[in-house]
Amino acid sequence: MGEYGMSITAVVVSFLIILHLPTHCNAIVSRTNNSIPQTDVDLVEFALNLEYLEAEFFLYGSLGYGLDKVAPNLTRGGPPPIGAKMAKLGPFIKDIILQFGYQEVGHLRAIKDRVKGFPRPLLDLSSASFAKVMDKAFGHQLKPPFDPYANGLNFLLASYLIPYVGLTGYVGANPRLESAVAKKLVAGLLGVESGQDAVIRTLLYQRAAEKVGPYRVTVAQFTQRISNLRNKLGRAGIKDEGIVVPRNEGAEGKTTGNVLAGDQNSLSYPRTPEEILRIVYGAGNEHVPGGFYPNGADGHIAKSLARGK
């Protein structure tokens with residue numbers, strides 16, 4: 001009977017071990033599949049800077065308020081943006097921008113589900129901040145100062161400044177990523193950022209010949225000025241194009257329309273974090289904060305570059 005009892009005990013113990021083994025193994029697999037190398041973490045976290053910018057600009061523009069009301073948990077106590085406000089948008093444009101805003105909330109959540117991230121950095125989304133960018137693009141002060149919140153067309157032109165920079169950043173990050181988890185995340189983010197940029201460019205292309213407000217400059221010329229400025233600030237050659245280009249620069253050298261920007265093979269241009277900071281800081285120097293980020297961007301990459309000045 002003793003031996004029989006021992007046998008029963010051994011069977012029960014073995015059965016319990018087997019029951020727990022799959023769960024334990026799955027946990028190990030799950031942790032392995034979701035582990036991201038530090039270099040990938042740095043690149044993914046860097047993207048948060050632009051996602052915060054886009055989320056706040058689109059939410060405020062369409063709703064008159066931002067993440068502090070829509071998703072306060074995602075801000076992690078970071079300071080509210082400077083000067084952001086509701087734009088004077090028609091129903092159609094407002095609906096599109098609202099969709100963009102909520103999409104950016106999802107992007108922030110998706111990134112923070114995979115990496116620790118950081119609190120929302122201080123963002124300057126004031127009319128004056130955008131006016132400075134436009135003044136640089138034209139090489140002189142626009143009169144009256146450009147106001148992104150004044151009407152739908154101005155807001156679209158201001159929006160032209162934003163998703164495309166993030167798009168090129170994701171294109172640049174992709175070949176540097178090592179883990180499947182990070183690559184999948186960036187591919188998903190890139191897909192929607194590309195869609196947003198395409199919608200903005202298409203809406204502007206529809207009005208390419210229209211004069212913008214009191215400036216006597218067409219929408220197409222505005223976009224080319226902005227693209228020229230980003231190329232100049234990025235200091236890495238041509239990686240930006242307006243919505244209308246010389247025929248030899250269009251797709252296959254056969255079109256002047258340029259709804260989607262791309263290289264000679266119509267592939268998206270890549271940008272490095274350094275190039276992106278040169279653009280969003282507004283001075284062509286990745287070491288000196290300014291522009292939309294008065295106190296600088298956050299994360300290991302941005303902070304390392306700031307220390308390297």
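**Close-up views of a predicted model**

**View 1. Residue classes around the largest pocket.** The lining of the largest pocket divides into 9 nonpolar, 11 polar and 5 charged residues. The model is predicted. The space in this largest pocket comes to about 390 Å³. Its lining has 25 residues, and those closest to the centre are Leu260, Ala261, Gly262, Asp263 and Ser266. Two elements, helix 7 (163-173) and helix 8 (180-205), each give two or more residues to the lining. Helix 8 gives the most, with 3 residues.

**View 2. The second largest pocket and its lining.** The volume of the second largest pocket is about 290 Å³. Lining it are 21 residues. Nearest its centre lie Val133, Val280, Gly282, Gly291 and Phe292. Helix 2, helix 5 (127-138), helix 9 (219-234) and helix 10 each supply two or more lining residues. Helix 5 has the largest share, 5 residues. By class, the lining of the second largest pocket divides into 13 nonpolar, 4 polar and 4 charged residues.

**View 3. The crossing of helix 2 and helix 11.** Helix 2 spans residues 38-63, and helix 11 spans residues 300-307. Their axes come within 7 Å and cross at roughly 90°. Helix 2 is therefore roughly perpendicular to helix 11. On the helix 2 side, the contact is made by Asp42, Leu43 and Phe46. On the helix 11 side, the contact residues are His300, Ile301 and Ala302. By class, the residues of this contact are 4 nonpolar, 1 polar and 1 charged.

View 4. Glu274 is found in helix 10, which covers residues 273-280. Is Glu274 buried, partly exposed or exposed? Its relative accessible area is 26%, so Glu274 is partly exposed; buried would need a value under 20%. Leaving aside residues up to four places away in sequence, Glu274 touches Glu286 and Leu305. Gly284 stands 10 residues from Glu274 along the chain. The C-alpha atoms of Glu274 and Gly284 are separated by 9.4 Å.

Notes. Residues numbered from 1 in each chain as written. Predicted model: local features only at pLDDT ≥ 70, side-chain atom pairs only at ≥ 80, totals over all residues. Heavy atoms only, no water. Axes fitted to C-alpha atoms, helices over the stretch in contact; angles between N-to-C directions. Helix = DSSP H or I, 4+ residues; strand = E, 2+ residues; numbered from the N terminus. Parallel < 35°, antiparallel > 145°, perpendicular 65-115°, else oblique. Contact = heavy atoms within 4.5 Å. Nonpolar A, V, L, I, M, F, W, Y, C, P; charged D, E, K, R; others polar. Buried < 20%, exposed > 50% of the residue type's maximum accessible area, 1.4 Å probe, protein only. 1 Å grid on protein atoms, 1.4 Å probe; cavity = no way out; pocket = protein on both sides within 12 Å on 5 of 7 lines; lining within 4 Å. Points joined across faces, edges and corners; volume = space filled by probe spheres on them.
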